[in-house]
Structure formats: structure tokens, C-alpha cells
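Let's take a walk through this model together. Have the viewer open and follow along.

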Amino acid sequence: MECNSDQPTEVHESNNNENTSTQNGEHEEPIATNGTGETKDDKYYQDAKKYWSKISPTVDGMLGGFGSISFTDIRGSEQFLKNLFKIKPAPGRLQALDCGAGIGRVSKNLLMPTFDRVDLVEQETQFCATAEKELSPTGKLGTVYNVGLQDFQPEAGKYDVIWSQWVLGHLTDTDIVEFFFRCTKALKKNGIMVMKENFTNAAEVEMDRQDSSVTRPLQLMKQLLTRGNLRVVKEQRQKDFPKGLYPVYMIAVRPIINS
């Protein structure tokens, strides 16, 4: 992924020219189209990078103008995370990874109050700089990886919890499965990965050409998880978001087969 920044999204009408969809949950993968060496994958990621490079490094910028929902979002995530520690065997509380970290909104308000150390992955350079400035005084900031998720190679066996929010729509199906595989190897024993994402109301993938992302059906995401060696251990819909937004679900997963 060329930009890893969290953002809720309004539901697009089916006749919106900026939105295209594929039926039955089948995501059309970008493929090579010409002899220049550039693939649709490249353009997909480059367009996302271009979009996010113009976004202000603020909470409102990260949330696409919906900064007012940040409190509700974090409260819902806090409750979900708290319940994960009741699962047996429970994950540890030492090291977390924030994927699609943006300026560190989730790290600051959710992960750092719970974990001793938090690493961030964020493609946009200006967001990384803002996150480092904001989070360094906490004494809990680990490494800030300035790289897209499709290229990120996490250290094996490092993380108790990997948290990924409003970012997986920027990855192609192929890259998301490969990312999931890498995450299974990055988790500690008893570790858990959490994704918090928008999902469509119907069995179709919807494309947003403005920020170069897709919104998938929940069932398709679960298929991709299985392909990526992950199984669902807990699932919950975020409550109290404004009407007109896509449904948002938090999904906790663990490896099907431990690496």
C-alpha cells in the first residue's frame, strides 16, 4: 500500500461516477496493461499516495472530515480490546503495532495506554513526522516505519497485538493475503491481529477512485483472511457512528497454523 492512513467513508450511491463495483464479492485485481513496465497495481498505489500527500496531518484530515467521530471510535475500540484480554490464552501487553497509523491517533489514544511499546507503519512522510513529534514524549514510541503495507516486512515474533484500521482497502487482494501471512509470522505466541474496517452492505466490492481504495463485503474479507492463514476469534460492529457511513466492524484473528 502506498498510503496507510485511517479514514471512515460515506456510503456511495450505486450511480456515483467516482465509484465502481464488482458483483458477488469478486474483486478485479489490477494487472499489467501496457509495455511500459507499469501495472495497474503501480497506478493504484501511486494514486493513493498522491491523494494522501495532499491531506492535512490532523485528526480531521485522517478521518476524512469526520474528526468528530474519533471519541466514539476509540471508545468502541477500547471495549473490544479489553475483551480480547479475556480470551484464553490472552495476548500480552508489551508490544503493539499500529498499521496505517496516520499521525498516530490510534496509537496515542488506544494502544499506548495499554502497551509498553508501540511501533507504527505509515507511508506518508509528513504523517510520520507528526506522529513522532506527538508520540515521542510518551516514552512508549518504538519504531516508525515509513513504508506502505504492501512492502512492509515486520520482524518475526515481535508483536502481542497488531492493530490495522481503515487501511486494508488500499491493498489489492493479492497484497492483502501476503500481508496477512507476514502478520501471522510477526505475532508472538498467543498474539492477536485486529482489523477495523468499512464493509459494504451488499455482496459487491465498491471502488473509490478519489483515494484509490476499495470497500469489500465482510464475507470476502473473511475469505481473504482464510487464504492468509488467519481465523476469526472475535467480531463486533462499531456502534453509534453517524448514519450514512459504511458499517464498520472490528475483527480479531489468530493464525490457523502457527508459523
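This is a predicted model: local features need pLDDT of at least 70, side-chain atom pairs count only at pLDDT 80 or more; totals for chains, interfaces and linings use all residues.

Across the protein, the average pLDDT is 88, and 85% of the residues score at least 70.

Residues are numbered from 1 along each chain as its sequence is written, and side-chain values use heavy atoms, with hydrogens and water left out.

Now the overall picture. The protein has 7 helices and 10 strands; these are DSSP runs (H or I of at least four residues for helices, E of at least two for strands), numbered from the N terminus. Of the 259 residues, 55% are buried, where buried means under 20% relative accessible area, exposed means over 50%, and partly exposed is in between, using a 1.4 Å probe and protein chains only. The exposed surface comes to about 11600 Å², with carbon and sulfur atoms supplying 46% of it; the areas come from the Shrake-Rupley method with a 1.4 Å probe, and for residues only the protein chains shown count as cover. Among contacts with a separation of 6 or more, 73% join residues 24 or more positions apart.

Take Met250, which sits in strand β10. At 0% relative accessibility, Met250 is buried. Its C-alpha is 6.8 Å from that of Val194, 56 residues away in sequence. Beyond its neighbours within four places in sequence, Met250 touches several residues, including Gly76, Ser77, Phe80, Met195 and Lys234.

Tyr45 belongs to helix α1, residues 40-53, and is buried with a relative accessible area of 6%. The C-alpha atoms of Tyr45 and Asp211 are 9.6 Å apart, though 166 residues separate the two along the chain. Leu220, in helix α7 (residues 218-227), is buried as well, at 7%. Its C-alpha lies 9.7 Å from that of Asp173, 47 residues away along the chain.

Most residues other than glycine have a negative phi, and most peptide bonds are trans. Against that background, the bond from Lys88 to Pro89 is cis, with omega near 0 degrees. You'll find Pro89 in the loop between α3 (70-84) and β2 (95-99). Ser212 is not a glycine, yet has a positive phi of about 55 degrees. The loop between β7 (204-208) and β8 (213-215) holds Ser212, which is buried at 2% relative accessibility. Asn229 is another non-glycine residue with a positive phi, near 70 degrees. Asn229 lies in the loop between α7 and β9 (230-237) and is buried too, with a relative accessible area of 11%.

Of the 13 residues that line it, the closest to its centre are Lys188, Lys189, Asn190, Pro255 and Asn258. To find pockets, a 1 Å grid is laid over the protein atoms alone: a pocket is an open set of points where a 1.4 Å probe fits, with protein on both sides within 12 Å along at least five of seven lines, and lining residues have an atom within 4 Å of a point.

Which elements build the lining of the second largest pocket? α6 (173-186), β6 (187-198) and β10 (248-255) each supply at least two residues, and β6 gives the largest share, with 5. By type, the lining divides into 3 nonpolar, 5 polar and 5 charged residues. Here Ala, Val, Leu, Ile, Met, Phe, Trp, Tyr, Cys and Pro count as nonpolar, Asp, Glu, Lys and Arg as charged, and the others, Gly among them, as polar.

Technical notes: pLDDT is the predictor's confidence in each residue, from 0 to 100. Contact means heavy atoms within 4.5 Å.
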